[in-house]
Amino acid sequence: MLKKRIIPKFLVHGGRLIKGVRFDENWREAGNPVSTARVYDSYGVDEMIFLDIDATPNNSIVDGRIIERVSEEVFMPFTVGGGVTELGQIEKLLAQGADKVCLTTAAIRDPGFVTRAASRFGDQCIVVNVDYRETPEGRKVFAGCGKEETGMDAAEWALRMEDAHAGEIMITSVDRDGTMSGYDLDLIADLSDRLEKPLIASSGAGSLKHCMDALNAGASAITISSMFIFSDHSPIKVRSYLATNGVGVRSQQGSRS
């Protein structure tokens, strides 16, 4: 059985790491991407995700200089995203050191782009992120950094992206982002029963039990941001808690160990 993964997720703004609440409230600086990557590598996390939140609104792309510097410091897999709309951009990001590229708005604008990207670079390189909000009509997909409602059902969109050959699906609750109130366990359980590809649960981690609950609900991996940045919980503590409670995780070891 595959081990469950612990993935710190970092938002990049102006070359620095930041963290907010629900995508647009209470922004706080959280450090330097390169030095932070080095620290989390020493903790033995399974992967890291860096998302450039400036890219899509500014019609630009995630800063490749940061990717190159991070790839020089750590040797664990890491995913990058932000503003990617062309196959050539994916090729460049992978050449700069990224292992996977995350698509959100670009997948919504052109679902065929996911299929073309997976065909060229392999399913394993393409992660599709689903940003969604709770609405009176249910969980709906949002584009443009959580600003534009699409009217599409979040679960159905995730399944469609699996059919488009995304290698992994990440679900991100805008409502829970930065609140540390727990993951959306109902959606995790629903999708884990229906998806064949790995499911990454994102947004809501605030306690060790939240992490265990999401993985037990069926997530293949969890991303953690605010809980690592603003509390005393470390990846080592999370891994130890999960292992003690019977969740299959790999042993702690940095990529330079």
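Student: How far is the sulfur of Cys-211 from the closest cysteine sulfur, and in which residue is that sulfur?
Tutor: The model is a predicted one, and a disulfide would need a pair of cysteine sulfur atoms within 2.5 Å. The sulfur of Cys-211 is too far from the closest cysteine sulfur for a bond. The closest sulfur belongs to Cys-102, and the separation is 20 Å.

Student: Is Cys-211 buried or exposed, and what is its relative accessible area?
Tutor: The limit for counting as buried is a relative accessible area under 20%. Cys-211 falls under that limit and is buried, with a value of 0%.

Student: How far is the sulfur of Cys-125 from the closest cysteine sulfur, and how many disulfides does the count come to?
Tutor: Cys-125, which counts as buried at 11% relative accessibility, has its closest cysteine sulfur in Cys-102. The two sulfur atoms are 13 Å apart, which is too far for a bond. By the distance rule, the count of disulfides comes to zero.

Student: Which residues of helix H8 are buried, and how many of its nine residues is that?
Tutor: Cys-211 is one of the buried residues of H8, and with it are Leu-208, His-210, Met-212, Asp-213, Ala-214 and Leu-215. Helix H8 spans residues 208–216 and is largely enclosed by the rest of the structure, because the number of its nine residues that are buried is seven.

Student: What covers the buried residues of H8, and what is the phi of the glycine that follows the helix?
Tutor: The cover includes helix H7 (185–194) and strand S12 (221–224), together with helix H9 (226–230) and helix H10 (235–244). The glycine that follows H8 is Gly-218, and its phi is positive, near 130 degrees.

Student: Where is Ser-203 found, and what is its phi?
Tutor: Ser-203 is found in the loop that runs between strand S11 (199–202) and H8, and it is buried, with a relative accessible area of 7%. Although Ser-203 is a residue other than glycine, its phi has a positive value, near 90 degrees.

Student: Is Arg-22 buried or partly exposed, and what is its phi?
Tutor: Arg-22 is found in the loop between strand S2 (16–21) and strand S3 (25–31), and at 33% relative accessibility it counts as partly exposed. Arg-22 is not a glycine, yet its phi is positive, at about 55 degrees.

Student: How are helices H3 and H5 oriented to each other, and what is the handedness of their crossing?
Tutor: The axes of H3 (residues 87–95) and H5 (residues 111–121) come within 10 Å and cross at roughly 45 degrees. The two helices are therefore oblique to each other. The handedness of the crossing of H3 and H5 is right-handed.

Student: Which residues make that contact, and how many of them are charged?
Tutor: From H3 the contact takes Leu-87, Ile-90, Glu-91 and Leu-94, and from H5 it takes Phe-113, Arg-116, Ala-117, Arg-120 and Phe-121. These residues of the contact divide into six nonpolar and no polar, and the number of charged ones is three.

Student: Which residues does Glu-91 contact, leaving aside its neighbours within four places in sequence?
Tutor: Glu-91 lies in helix H3 and counts as partly exposed at 40% relative accessibility. Once its neighbours within four places in sequence are left aside, the residues in contact with Glu-91 are Arg-120 and Phe-121.

Terms used. Residues are numbered from 1 along each chain as its sequence is written. This is a predicted model: local features need pLDDT of at least 70, side-chain atom pairs count only at pLDDT 80 or more; totals for chains, interfaces and linings use all residues. Side-chain values use heavy atoms; hydrogens and water are left out. Buried means under 20% relative accessible area, exposed over 50%, partly exposed in between (1.4 Å probe, protein chains only). Axes are lines fitted to C-alpha atoms, for helices over the stretch in contact, and angles run from 0 to 180 degrees between N-to-C directions. Helices (H or I, at least four residues) and strands (E, at least two) are DSSP runs, numbered from the N terminus. Angles under 35 degrees count as roughly parallel, over 145 as roughly antiparallel, 65 to 115 as roughly perpendicular and the rest as oblique. A crossing is left-handed if the near helix is turned anticlockwise from the far one by less than a right angle, and right-handed if clockwise. Contact means heavy atoms within 4.5 Å. Ala, Val, Leu, Ile, Met, Phe, Trp, Tyr, Cys and Pro count as nonpolar, Asp, Glu, Lys and Arg as charged, and the others, Gly among them, as polar.
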